[in-house]
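Please look at the sequence and the model below before reading on. The paragraphs after it go through a few of its parts in turn.

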Amino acid sequence: MRLRLLAGSPRRSYRADAVVTGAGSGIGRAFAVELARRGGHVVCADIDAVRAKETAERVAEVGGSGLDVVCDVSDEQQIRELADSAEKWFGGAPALVINNAGIGAGGNVIGATSTSDWSATLSVNLWGVIYGCEVFVPRLRERGGGGVINVASAASFGAAPRMGAYNVSKAGVLALSETLAAELSGTGIAVTILCPTFVKTSIVDNPRIEESAAKLAANLMKWTGVSPESVARATLNAHDRGQLYVLPQLDARILWQLKRAVPGTFTRAMGLAQRMVLKH
């Protein structure tokens, strides 16, 4: 019989029955492996069957147990099937749900961004998290506690030009998570929102990112990005402390403070920075 921590435990990420979406690579894979290092049982969900299986194997290699499940988070029925599969494997509702799956998009201004890019980005990055919360939160309530970690981005408040669809999708995740945290206050279910800047993942390898923008993002990721493993550890530790917001890098924290202190100046500065970058 698996040992289940109490809902209010400050070490809720340890020995946890967890579900991670977008677990096939990047931050999602890092979450799955770190949870396994903490003695967890992890459902590794990803749209790519091969990558999901690779992550489940890595989970086993570090001492955890993993189940790979193919899931397209933009499909509500697939999320419901994921929840059912997880409950069957765990023998009950999961203790922790990490809505991580996401795609990159950007490079075009609003008015020149295709509706297909808007639709795809919102379907995965925002609706995927909405479905994850709508499906799993009632099960966490029935369980009597647990946790939800939603992966947003510094883009959720940064409003960087030429990233309209991505910014909107992540801003939605931020608002959703804050609302969820308010609704779940006092229930024993903790909510954490992750808002990183650049993390060394494959997110820029996406045809929905315009070529020059992808190159710029790749360079910034190379020179300023941090490892997904460090982000996963920091986020899980913060979640254990009951922390709502996680901004794992100094630049993210600076942006966060500036946006709140001088929002108008901040937005104008983002536009000026864009023009300077385009000149070069």
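What follows is a walk through some helices of this predicted model and the contacts between them.

Along the way α4 bends by about 35°, and the bend is placed at Trp 127. After the helix comes Gly 144, a residue whose phi is positive, near 100°.

Two packed helices are described by the angle between their axes and by the distance between those axes. For helix α3, residues 76-90, and α4, the axes come within 9 Å and cross at roughly 35°, and this crossing is right-handed. On the α3 side the contact is made by Glu 76, Ile 79, Arg 80, Leu 82, Ala 83, Asp 84 and Glu 87, while α4 contributes Tyr 131, Gly 132, Val 135, Phe 136 and Arg 139. These contact residues divide into 6 nonpolar, 1 polar and 5 charged.

Elsewhere, charged side chains pair up, and the structure holds 6 salt bridges. One of them joins Arg 29 and Glu 54, whose closest N and O atoms are 3.3 Å apart. Arg 29 lies in helix α1 and Glu 54 in helix α2, so this pair ties together parts that are 25 residues apart in sequence.

Methods
Residues are numbered from 1 along each chain as its sequence is written. This is a predicted model: local features need pLDDT of at least 70, side-chain atom pairs count only at pLDDT 80 or more; totals for chains, interfaces and linings use all residues. Side-chain values use heavy atoms; hydrogens and water are left out. The bend at a residue is the angle between axes fitted to the seven residues ending there and the seven starting there. Helices (H or I, at least four residues) and strands (E, at least two) are DSSP runs, numbered from the N terminus. Axes are lines fitted to C-alpha atoms, for helices over the stretch in contact, and angles run from 0 to 180 degrees between N-to-C directions. A crossing is left-handed if the near helix is turned anticlockwise from the far one by less than a right angle, and right-handed if clockwise. Contact means heavy atoms within 4.5 Å. Ala, Val, Leu, Ile, Met, Phe, Trp, Tyr, Cys and Pro count as nonpolar, Asp, Glu, Lys and Arg as charged, and the others, Gly among them, as polar. A salt bridge is a side-chain nitrogen of Lys or Arg within 4 Å of a carboxyl oxygen of Asp or Glu.
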